[in-house]
Amino acid sequence: MASRSIDVPRAVRWHDDALRIIDQTLLPSEYKEIDLVEVDDVIEAIQSLRVRGAPAIGIAGAIGLVASLRQYVEGTGLAFRARLAESAERIRSARPTAANLAWAVDRVTAVADEKADADNAEAWDAMRREATAILEEDREMCRRIGEHGLTLLRDGSTVLTHCNAGALATGGIGTALAPIYLAAQQGLKVRVLSGETRPLLQGSRLTAWELSRAGVDVLVLTDNAAAAAMSRFDLDLVIVGADRIAANGDVANKIGTYGLAIAARHHVIPFYVAAPSSTFDFSLAGGDDIPIEERGGDEVRGAFGRPTAPDSVPVFGAAFDVTPAELVTGFITERGILMPGEFEVLRGM
Ligand code: MRU
């Protein structure tokens with residue numbers, strides 16, 4: 001079958017010594033890249049979802065931390081180290097659910113700790129190399145996730161996904177969308193049903209945008225249409241991403257994922273979670289221990305400038321839910337498609 005090239009956006013990267021991101025709050029109506037060098041701007045970008053998706057915020061946190069420290073390299077060692085400690089702590093806690101954010105920031109600070117006796121410039125160079133390695137490794141993990149996930153697809157497959165676990169959420173071709181991109185590259189026709197993902201519409205604004213620009217057939221669903229779509233379309237599988245996976249395989253992902261997993265079980269549709277090892281948190285026994293981000297009620301009452309609920313009503317603002325491991329058919333990782341008892345190969349990656 002003919003192979004074709006696919007064009008995916010680059011969500012997060014270096015630009016000179018600045019963090020460059022695509023401002024995802026503007027998509028799909030406007031494509032704009034912004035460069036950040038101040039720690040407050042990096043935190044604002046992560047918290048307001050200008051950059052989002054677990055692997056992408058990890059990379060943005062790592063590059064953003066290093067970029068923000070560049071201006072302090074000329075100062076004293078004490079001031080540089082104090083700024084590093086303070087900024088690292090602020091960035092790593094900017095969003096609580098994605099394991100990748102603290103993981104990536106900790107990797108960069110560990111390198112600085114190893115360079116405790118070095119001057120600022122040498123420590124900064126080492127941190128810059130580490131942030132670059134995190135980005136490059138993520139790109140490679142996405143490709144491998146794609147290769148393993150591709151074994152689940154065939155010409156004509158229909159896949160349902162939720163939120164955005166594509167190129168916009170990673171340093172590469174995505175996690176849940178990686179197998180779809182590789183299938184498209186090989187000329188296989190794969191159809192994607194993308195749940196719109198209230199309240200901020202990552203599924204309809206971002207997944208539909210990046211898939212359609214790559215020439216992949218995508219159909220947007222309202223979230224409340226998912227169960228009906230499962231009964232009506234000939235769905236082969238569901239693939240979603242993850243923000244944090246506990247040691248027992250319980251999965252935190254965008255709110256609505258749990259409901260999809262229950263509906264998929266009812267309709268006997270395989271339900272896969274695609275994630276790199278950096279999303280696994282072996283320090284947590286189960287999903288009850290995963291911190292779940294609560295977002296402001298205004299995102300539900302009117303995120304896009306028009307009221308969708310009365311000002312005064314309280315809303316349930318959990319940004320993520322936890323899907324029990326028993327509802328997951330398999331975990332598509334860079335080390336293969338695994339079940340919870342097989343996670344050992346991911347430790348220490
Ligand atoms: O709030 P978001 O948009 O950062 O949530 C993103 C998700 O839930 C993704 O599915 C998850 O981070 C995996 S991204 C590869």
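This is a predicted model: local features need pLDDT of at least 70, side-chain atom pairs count only at pLDDT 80 or more; totals for chains, interfaces and linings use all residues.
Trainee: Let's start with helices, so how do α2 and α4 pack, and at what angle?

Mentor: Helix α2, which covers residues 54-69, packs with helix α4, residues 99-114, at an angle of about 30 degrees, and their axes are 7 Å apart. Angles under 35 degrees count as roughly parallel, and that makes α2 roughly parallel to α4.

Trainee: And is the crossing of α2 and α4 right-handed or left-handed?

Mentor: The crossing of these two helices, α2 and α4, is right-handed.

Trainee: Which residues in α2 meet which ones in α4?

Mentor: On the α2 side you can look for Ala-54, Pro-55, Ile-57, Gly-58, Gly-61, Ala-62, Leu-65 and Val-66, and on the α4 side they meet Asn-100, Leu-101, Ala-104, Val-105, Val-108 and Thr-109. Sorted by class, the residues of this contact of α2 with α4 are 10 nonpolar, four polar and no charged.

Trainee: What about α3 and α4, how do their axes cross?

Mentor: The axes of α3 and α4 cross at roughly 165 degrees and come within 9 Å. Angles over 145 degrees count as roughly antiparallel, and therefore α3 and α4 are roughly antiparallel to each other. The crossing in which α3 passes α4 is left-handed.

Trainee: Which residues meet there, and how do they divide by class?

Mentor: From α3 come Arg-81, Leu-84, Ala-88, Ile-91 and Arg-92, which meet Leu-101, Ala-102, Val-105, Asp-106, Thr-109, Ala-112 and Asp-113 in α4. By class, the contact of α3 with α4 has seven nonpolar, one polar and four charged residues.

Trainee: Changing topic, where is Arg-95, and is Arg-95 buried or exposed?

Mentor: You will find Arg-95 in the loop between α3, residues 77-92, and α4. Buried means under 20% relative accessible area, so Arg-95, at 6% relative accessibility, counts as buried.

Trainee: What does the side chain of Arg-95 join in a polar contact?

Mentor: The side chain of Arg-95 is joined to the side chain of Glu-293 by a polar contact of 2.9 Å. If you leave aside neighbours within four places in sequence, Arg-95 is in contact with a list of residues that includes Ile-57, Leu-101, Lys-254, Glu-293 and Phe-320.

Trainee: What about Arg-13, where is it found and which side chain does it make a polar contact with?

Mentor: Arg-13 is found in strand β1, and its side chain makes a polar contact of 2.9 Å with the side chain of Glu-33. Arg-13 is buried, with a relative accessible area of 18%. Not counting residues up to four places away in sequence, Arg-13 touches Ala-18, Leu-19, Arg-20, Glu-33, Ile-63 and Leu-135. The C-alpha atoms of Arg-13 and Ile-59 are separated by 7.9 Å, although these residues are 46 residues apart along the chain.

Trainee: Next is Thr-333, so which strand is it in, and what does its side chain reach?

Mentor: Thr-333 lies in strand β13, residues 330-333, and at 0% relative accessibility it counts as buried. Its side chain reaches the backbone nitrogen of Arg-335 at 3.0 Å, and a polar atom of the Thr-333 side chain lies 2.8 Å from the backbone oxygen of Gly-336. Leaving out residues up to four places away in sequence, Thr-333 touches Arg-144, Ile-145, His-148, Ala-275, Phe-280, Leu-338 and Leu-346.

Trainee: Now the backbone: which peptide bonds are cis?

Mentor: Two you can look at are the bond from Leu-27 to Pro-28, which is cis with omega near 5 degrees, and the bond from Arg-198 to Pro-199, which is cis with omega near 5 degrees. Pro-28 lies in the loop between β2 and β3, while Pro-199 lies in the loop between β5 and α7.

Trainee: What is phi for Asp-16 and for Thr-197?

Mentor: Phi of Asp-16 is near 55 degrees, a positive value in a residue other than glycine, and phi of Thr-197 is near 75 degrees, again positive in a residue other than glycine. Asp-16 sits in the loop between β1 and β2, and Thr-197 is found in the loop between β5 and α7.

Trainee: Are those two buried or exposed?

Mentor: Asp-16 is exposed, with a relative accessible area of 58%, whereas Thr-197 counts as buried at 0% relative accessibility.

Technical notes:
Residues are numbered from 1 along each chain as its sequence is written. Side-chain values use heavy atoms; hydrogens and water are left out. Axes are lines fitted to C-alpha atoms, for helices over the stretch in contact, and angles run from 0 to 180 degrees between N-to-C directions. Helices (H or I, at least four residues) and strands (E, at least two) are DSSP runs, numbered from the N terminus. Angles under 35 degrees count as roughly parallel, over 145 as roughly antiparallel, 65 to 115 as roughly perpendicular and the rest as oblique. A crossing is left-handed if the near helix is turned anticlockwise from the far one by less than a right angle, and right-handed if clockwise. Contact means heavy atoms within 4.5 Å. Ala, Val, Leu, Ile, Met, Phe, Trp, Tyr, Cys and Pro count as nonpolar, Asp, Glu, Lys and Arg as charged, and the others, Gly among them, as polar. Buried means under 20% relative accessible area, exposed over 50%, partly exposed in between (1.4 Å probe, protein chains only). A polar contact is a pair of N or O atoms within 3.5 Å; within protein, one must be able to donate a hydrogen and the other to accept it, and residues adjacent in sequence count only if both atoms are side-chain atoms.
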